Amino acid sequence: MANSTVFAQVMSLGHREVFRRCVERYGGDAQQRGFSCHDQWLAMAFAQLTHRESLRDLESALGSRTELLYQMGFRSRVLRSTLADANEQRDWRIYADWAQALIRRARQLYVNEPFAVELEQTIYAFDATVIDLSLTLFPWAHFRLHESAIKLHTLLDLRGSIPTFLALTKATVNEMLLLDTLPIEAGAIYVLDRGYTDFKRLMRFTTAGAFFVIRGKRALDYSVAERRAVDSTMGLHCDQTIQLRGYSSQRRYLAPLRRISYRDPTHARSLVFLTNLFSAPAFQITELYRARWQIELFFRWIKQHLCIHHFIGNSANAVRIQIWTAVSTYLLVAILKKTWKLQPSLHEILQVISVTPFEKIPLPELFARQSMDCATIIHDNDVPNLFS
């Protein structure tokens, strides 16, 4: 470890054999000479970790320390034209599968992560964010009159803020459609914003033995079957068992629902929640929805700290590869934090790595040095820490 670069130590956290199987699954290195899929992954990960925003910038950075490239894992030079061709031609599913492998590993590490709501079930939040693109450079992703954009749909495990399901679509795709392909885990709890209110799709959760918590829309036709006492000092107005009455809604969702009305003292507004989870206390349901904010923090974090605003390829394939490698980089840093039990936040770890990729310092020693004076080196006042 003492003779390995910081970059090589971070990359070693990903199992090379698993990556090789991802490449073989799609024939990524078939009839390829020199620049392999692994070299491509290393180059794209280096761009993410060191905030390189163009092929020229990336080529110059790696070319400045050619004597270290072999020790960093590269087996060929990284040239602009070579990497550009690889991003255009190689199957993006290689890197999507690789990200899924890292997701499985990260979830194992964070399975016992403390969570604000004391429940044994796995708790997910599902939402989407728009990534803006230039209409001139990305005409295939046309969104509005003078804009192009894509959507990143994410299912986030709220214990550890680990993404477990991701899908990339054009921004014109209705987010509701992704509920049809969302993997549903029996016994888990899914927290959704009210934009996902579709009772036929919500019935899919109930049928699969899963639970959902969603903000209710104001115009809802229902009858009250049962009322439960609530503690008004906690902001609760009512806790009811209801049955939908609207012709369409009643046919789409046959089971009873739980309706909870709550006054949020922080923002002085009333909120209504619908859920099929009857066993948890009413206030706990409101806290579950409050925890959904973590997915907003996740989207904000990756947009601010990973390279997904400046794309180094213009095709749909190149954009997908860059986003999947960005997600994989996020997961590697999360794995690094948990593996070495590091105290700095995820942002602080990323910042330290970004300025020391060529250094030959064992990672525990590197972060032990930084922990003494981290606040004077890195300022992270704008974004709350996801891994505090």
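A crossing of two helices is called left-handed if the near helix is turned anticlockwise from the far one by less than a right angle, and right-handed if clockwise; in this predicted model, α2 passes α6 in a right-handed crossing. Because the model is predicted, local features need pLDDT of at least 70 and side-chain atom pairs count only at pLDDT 80 or more, whereas totals for chains, interfaces and linings use all residues. Residues are numbered from 1 along each chain as its sequence is written, and side-chain values use heavy atoms, with hydrogens and water left out. Helices (H or I, at least four residues) and strands (E, at least two) are DSSP runs numbered from the N terminus.

**Helix packing**

- Two packed helices are described by the angle between their axes and the distance between the axes; here the axes are lines fitted to C-alpha atoms, for helices over the stretch in contact, and angles run from 0 to 180 degrees between N-to-C directions.
- Helix α2 (residues 16-25) and α6 have axes that come within 9 Å and cross at roughly 150 degrees. Their contact (heavy atoms within 4.5 Å) is made by Val-18, Phe-19, Cys-22, Val-23 and Arg-25 of α2 with Ile-94, Tyr-95, Asp-97, Trp-98 and Ala-101 of α6. By class, the contact of α2 with α6 has eight nonpolar, no polar and two charged residues, where Ala, Val, Leu, Ile, Met, Phe, Trp, Tyr, Cys and Pro count as nonpolar, Asp, Glu, Lys and Arg as charged, and the others, Gly among them, as polar.
- Helix α3 (residues 37-49) and helix α6 (residues 93-109) have axes that come within 12 Å and cross at roughly 70 degrees, and α3 and α6 are therefore roughly perpendicular to each other; angles under 35 degrees count as roughly parallel, over 145 as roughly antiparallel, 65 to 115 as roughly perpendicular and the rest as oblique. The crossing of α3 and α6 is right-handed, and it brings Cys-37, Gln-40 and Trp-41 of α3 into contact with Ile-94, Tyr-95 and Trp-98 of α6. The residues of this contact of α3 with α6 are five nonpolar, one polar and no charged.
- The axes of helix α5 (residues 80-89) and α11 come within 7 Å and cross at roughly 100 degrees, so α5 and α11 are roughly perpendicular to each other. On the α5 side Ala-86, Asn-87, Glu-88 and Gln-89 take part, and they meet Asn-317, Ala-318 and Ile-321 in α11; the contact of α5 with α11 divides into three nonpolar, three polar and one charged.

**Aromatic pairs**

- The whole structure holds 19 aromatic pairs, with rings of Phe, Tyr and Trp (its six-membered ring) pairing if their centres lie within 6.5 Å, and with planes under 30 degrees apart counted as stacked, over 60 as edge-to-face and the rest as tilted.
- Tyr-190 and Phe-205 form a tilted pair, 5.1 Å centre to centre with 55 degrees between the planes. The pair links distant parts of the chain, with Tyr-190 in strand β5 (residues 189-192) and Phe-205 in helix α7 (residues 199-207), 15 residues apart. Both Tyr-190 and Phe-205 are buried, meaning under 20% relative accessible area, with exposed over 50% and partly exposed in between (1.4 Å probe, protein chains only).
- The rings of Trp-301 and Tyr-330 have centres 5.4 Å apart and planes at 75 degrees, so the pair is edge-to-face. Trp-301 lies in helix α10 (residues 293-305) and Tyr-330 in helix α11 (residues 316-339), so the pair ties together parts 29 residues apart in sequence; Trp-301 and Tyr-330 are both buried.
- Ring pairs also link Tyr-124, Tyr-190, Phe-199, Phe-205, Phe-212 and Tyr-253 into a cluster.

**Burial**

- Helix α12 (residues 346-355) is mostly covered, with eight of its 10 residues buried; among them are His-347, Glu-348 and Ser-354.
- Helix α9 (residues 282-291) is also mostly covered, with seven of its 10 residues buried, including Gln-284, Thr-286 and Tyr-289.
- Thr-154, found in strand β3, counts as buried at 0% relative accessibility. Not counting residues up to four places away in sequence, Thr-154 touches Ala-125, Phe-126, Asp-127, Pro-163, Phe-165, Leu-166, Ile-295, Phe-298 and Phe-299.

**Backbone**

- Most residues other than glycine have a negative phi.
- Phi of His-51 is positive, near 60 degrees; His-51 is found in the loop between α3 and α4 (55-63) and counts as partly exposed at 30% relative accessibility.
- Phi of Ser-161 is likewise positive, near 55 degrees; Ser-161 has its place in the loop between β3 (147-157) and β4 (162-170) and counts as buried at 1% relative accessibility.
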